[in-house]
Every structure is written in C-alpha cells, then in structure tokens.
Amino acid sequence: MHWIIIAIDAPPAIMKPGRNKACPCGSGKKYKHCCGREPAPSVLPTLHPNEIGALVALVGNGRASEAAAAARALLTTHPGNGMLWKIFGVSLLRQGQDALPALRRTAELLPRDAEAHGNLGAALHDRGEWAEALTSLRRALDLQPRDVKALIDAAHASRALGRTSEAITFYQRALRLEPHLIEAHNDLGNTLLALGRYPEAVTCYRAALGIEPDDAAVHSNLGNALRQMGRLDEAMACCQRAIALDPALSEPHDTIGIALAARGRFREAIASYRRALELNPRHIEARMNLGNALRDLGELRDSVACFRQAVELDPGRAANHRDLGNALLDLGRLDDAAASYARALVLQPDYAPAHLTSSMVLRRQGRAADAEAACRAALSIAPDSAEALSFLGELCADQGRFAEAEGLFRRALAIDPDLSNAWCGIVAHRKMSEEDRSWLEGAEALLAKRLPLRHEISLRYALGKYFDDVAQYGQAFDHYRSANELTKRYGVKYDGTRQSRRVDEIIGGVDARRPEPAGSNPSERPVFVVGMPRSGTTLTEQILASHPAVFGAGELTFWDQAAAARGTVDLVSAGYLAHLTSLSSTALRVVDKMPANFMNLGSIHAAFPNARIIHMRRHPIDTCLSIYFQYFSSTHPYANDLENLAHYYGEYVRITDHWRAMLPPTTLLEVPYESLVEDQEGWSRRMVEFIGLPWDPRCLDFHQTQRAVITTSKWQVRQKIHTASAGRWRNYQPFVGPLLRLVSR
C-alpha cells in the first residue's frame, strides 16, 4: 500500500471574535461585556506552516522515523492539530507500525479531508476490517469522487462483504478514470465470474491481456471463465499458456483438471489436481476436486482422506464438510455423513446442497417426514435445483406417489438433461413398454457420454430394467453384467473365506436352547423379518404394516452395531426398545425388516426370547438374480459376481438351517415367497396370528397402505400380488451358470 500526502493546507489564522461572540477567555460572557483578552497559547496554540512543511519533506525523503518522532513531540503541545496527526499516522505506516489510532484521530480532526478518510479506509482494508474500511472509503469518495485508489479499495471491501453489485460499480468507476489498470480489469472479471456472468468476465480478462499479454494469472482466470462456459479446448489452451508463463501457478492445473473431468478423463484430471497440490498444498479447490474425482472413480477411502485434509485446512468452509459427507454416505457411514452435513449447515444455514444431502441421510435412516422437509428446504433456497427436484421425486415414490414422482423427474430433466438419477427414477417406478422409446433414446445418448462411475452404473442398471420390462432378456443381461462389473471398481471385495469362518463361529458358539441369559427382555413388541435380499421381506413388512397395530420400521442397522459394541444383554435390549419407541410410541408390534439379521438371530433371541422372527425364503436363483439386478453400491460386496452370490447364498443356507434347528418353533416362522403370492390371504393370516395379533382385512389391501418404503421394491409392494416374478430366472437361464448348482439344495 502506498501512502501519499497530496496536499497540506496552512492552518487558518486565529481571528479575533466579534463583539457579540463569546469571549475566548472561557467565562461564557459575550466579548463586549467581558475582559476582551486574547486566549492564552495553551487554549489556541499556533503552529507555523514551515514546521508542517519540514515534516512533510522528511516523509517524502524516506525519513519516516524522524518525521514520526518530530510529529510526536509537536503533538504534546498541539494535540488538536489534524495535520500533525496525519503526518504522524503516515510516518508510522511507512515504518510498518500500528497507525490505526493516529489515522482515526486524523479523520476525526479533519472530517473534510478526503485523504484522511482514504488513508484510514486503506489501513482498515489491509487489516481485513471490511465494513469499517468501506465506511471510511465512502466518506473519502464523497469528498473526492475521482480518487481511483479509494475506488479500488472500496471495490475490494464491497466484494469481501458479499456486496458484489456495489463492487462492480466501484471497479467500473475506477476503470472509466484509468482504463489501463490491469488489476482492476482482472478483479472486475473475478467478481463477474463469481456471479456466473461468464461472458462479461471473459471480456474483462481479454481487456487486461490487451494491456499486458503475458500476465499468467489473467490467462489462468480467462481459462477458468471459458471452462465455465463449456469452451473446454479454449480453456485448456489458456491454462497451458499460463503455465508456460509461470510454471509455479497451481490454479491453471486445477482448471485443466476440471476440464478433463468434464470429458470423463478422470485419471488425467487426477494427475492435474495432484500437480496443482504439489505447487500449492493449501489449494483447497484442487484438493476438493481431487476428492470428487477419486469418488467418481469409486476410490472412496482415498476420497474420504482427501476431503478430511481439506476440512483440516479450512474447517470454516461448508462445502468441504458437505463433500466429505457425500463420500462417507457412499461408504454407508450414515451417522458420520449426517455429522458432516450438520456441520456444513451450522456454518452456512442457507447452503442448499447440504440440505439436500441431509435429506438423503434422513431417508436412509427411515425419517421420511424429516427427509422431505430437508429436501423442500433445499428447494426453497434453490428452486431450480435439478438434483433436489429429482430427489423429491424419490421421496414421493417412497410414499407411493408415483405419478407425482415422474413429474418431478421430468422437471429435473428439463433443467439438466444429463441428470442420470432422474432418468433412472422414471424407469424404476413403473413397468416400461415399447412406447417408452424416447426414454430409451435419451438414456442411451447419456450413456454414450463419459460419466462419473456411479452415474454410469446407475444408468446401466436402469437400461437393464427397461429391456427386462420389454422382454429383451439378452440385452437386459448385458447391461446388468456391465453394471456389476463396473461396481467392482469401488474396490470393495467379497471375502468368502471370512464369511464362512464367521458362520462357523456362530454355529459353534451359539446354542439357543440354553437358559435365557440374565437381562433378557420379555417384550413381544419387536418383530423381525429376515432372509436374503429380494426374497420378499419388503412385501411381508408391507402386509404386516397394513395392520393398525403394527408399525413398519424398515431396515434397521441396530444389530450389526450392537454386535460391534459388545454391550450386555440388558443394555442392548433396553437400547433397542428405546429406538423402536422413537420410531413409534404406540404400535403393539414394530417390524424390523433388515434381511441380513439372519446372521444376528442368536443375539436377538438372547435379548428378546419372546420376539417373533419371520424368515422369508424364495427360489435361490430368482433370489440371487434379483440381487444381481439391483445397485447395492458397496453395501453388499458379494452382489456383483455370480460366483460370489452362489457362495454367499450357500452360507446363508447353512446359518438359517442352524437357526431352524436351534430356535424354538414358536419363535421362527418360515414363509415361502412363492406360497405367499399363490395364497395371499392364507399366509397373511398365518403371519398376523404368528405375531400375536387378531386378523385385520386391511392386510389384504397392503398395496394401498400409506407409508414410506425406501427399498428397491417400493413400486412392487404398491401393486396387487401377482406371480410374474416367480420362476423369472428361466428367462436368463443361458447366463446364470454359477447359480445353477443352487437348485439342488
């Protein structure tokens, strides 16, 4: 910052007051009625203009220390002299000392001195005290509107305060006065860029380069603006030019990475981000972009580590916490993801993306109403958010409002035609037909682009569903197989040896016929529905939840967490009942339909010996194939490989055979899926009686029950029971080789 005293006026001569004025002696009487004495020097001290001039000369000759000492000495006898304070303040600044008190005093004593206010504003600007700086700079500009330096400082302060429109006005005023200010053109471009006014930003950057063609930073900024406009080739050319001019710049490497990622060249993008971080390890944007590229490639653990580093570097930035939450959500770590989203919203309550991702966690936690409220909060902030509209569609589908859901998916696609979630949502919630060719054409066109891994996977599952619906089974299986092969890139592998060992340990260590352990709870309130995924567990829960005395809690993760925590039986049972009460305080029965609880039945029976367990069984190949046709991300590592599926199913049979032999007959009811769909009423009555409730005919109209269902079966359980899915595997018999051995079991 350059401090210049541009003008020093001699102090006005001391004039005698008129005879009707107050006497300067301080008596309060009028001059003509008082002593008529002149004020003593201590009241109105005088300072010769030459003394001020000498101090100015010292400052101008670089002798700031001497000027400050002399000014300080004179201020002891002339404490009210504004010019002395002005010289003193500037002298301190020239020495890098704290000058704010002197500058504040100057502005008080010289309220009509534009430079005094400008100097104070500039000092406050340099300290980042933006609001006070802007106040002083405005005063300076009121007095001297053509002060270019004050205009630039005011623009910076306005921009820092988020007053971007005002900042633009200040920059434009400065440039009208001095059109060759490169930094002003560049800073105005940056401000317009932040507002999304990309063509105007490009104009500013080009104006700066017209003055100085070899400014690397401006080339880098121009590349960023062009990238935002989708002009990727030009953007990368600008950034390459910036790198050639200044190899130490990290920003152009980051922009090149973003452009490469936009073209699906994620590995090359990662290399660019890493180069940016080598040059500047504190480059937050590059670190976040690296984390997202790793996430797009399915390298979730590396992605989480990258986001954690970004949070450590800048814990006050909401986007860092949101992106960390996204990667944690991909890993199924719901509580950790929720904590990250909550932190983002503490930092920025109006941050729409964090409201949306919070909604996603709440949905998976079974809190349907809270999830919808969070999604609508995101839309209230960003009404044109395609992602939020699409996710609201999913929430509507959870409630069985499928027509409303499809309308939202189509609204989202009108805003963002490349939104894969919306394309997938349409096909997931109804049966497709040959009349849906426009959907097929749009989905295939999107698939032809290079997409992030999770988007390509989802789209291939959706295309598999389309071709299955129109009975083109070969094409359907090709898409399903491609989708499953792509999920293997996430690096989450199924360990069959470990699964077998775990089953061995359970069979060898649990004897359900032993006396009930101390602390077990006699409650009959919990009802457990277990089995392989896609075996009819959601249908069973929907039938039971249609009973007015039953609440369907969905898939609760409690028992896996309890096994890891190794709490005592009484603590576990009390904690579980408290959790059920938080979901429903009135229902006589609460259904937990986590299928994988078949691994935890020993612990469940020990904690709740009177709890009822319904085991759903379905044809093994139909079960496994239906699993293979669903996107389970990393939550079911066996699901993306037919050999692994066959092995996991075999271990499931081993452990459920064990429970059938060990658990009391009054505790476990086995329900064949095929029998349930053939004799809906008979088996429904049997299940209701088994859980200790009187029959209610509403259980036959389960498809009309209004409740949230978030599993992949949400559409099926809103339809009347039919037998179309029984024996479905025969359509795919040529492709299911490893599963064929299961039919002999």
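Biologist: Which residue is the bridge partner of Val530 in β4?
Modeller: In β4, Val530 has His615 as its bridge partner. Strands here are DSSP runs of E with at least two residues, helices are runs of H or I with at least four, and both are numbered from the N terminus.

Biologist: And how many bridges link β1 and β4?
Modeller: Five bridges, with β1 (residues 526-531) and β4 (residues 612-617) pairing in the parallel sense. Two strands count as paired if DSSP finds at least two bridges between them.

Biologist: What's the strand order in the open sheet?
Modeller: The order is β2-β3-β1-β4-β5, five strands with parallel pairing. The edge strands, β2 (550-552) and β5 (668-672), each pair on one side only. On average, neighbouring strands of this sheet are turned by 25° against each other, ignoring direction.

Biologist: Which helix packs on the sheet, touching β4 and β5?
Modeller: That's α35 (residues 680-690), and its direction makes about 165° with that of β5. Axes are lines fitted to C-alpha atoms, for helices over the stretch in contact, and angles run from 0 to 180 degrees between N-to-C directions. A contact means heavy atoms within 4.5 Å.

Biologist: What's the mean pLDDT of the protein?
Modeller: The mean is 88, and 89% of the residues reach 70 or more. pLDDT is the predictor's confidence in each residue, from 0 to 100. Residues 1-21 stay under 50, though the model has 42 contacts for them beyond four places in sequence. Residues 23-27 are also below 50, with 14 contacts beyond near neighbours in sequence. Where pLDDT is low, the predicted coordinates should not be read in detail.

Biologist: New topic: which residues of α4 are buried?
Modeller: In α4 (residues 100-109), Leu100, Ala102, Leu103, Thr106 and Ala107 are buried, meaning under 20% relative accessible area, with exposed over 50% and partly exposed in between (1.4 Å probe, protein chains only).

Biologist: Why are they on the same side of α4?
Modeller: Because they cover an arc of only 160° around the axis, taken from the directions from the helix axis to the C-beta atoms. Pro101 and Glu108 are exposed on the other side of α4.

Note on methods:
Residues are numbered from 1 along each chain as its sequence is written. This is a predicted model: local features need pLDDT of at least 70, side-chain atom pairs count only at pLDDT 80 or more; totals for chains, interfaces and linings use all residues. Side-chain values use heavy atoms; hydrogens and water are left out.
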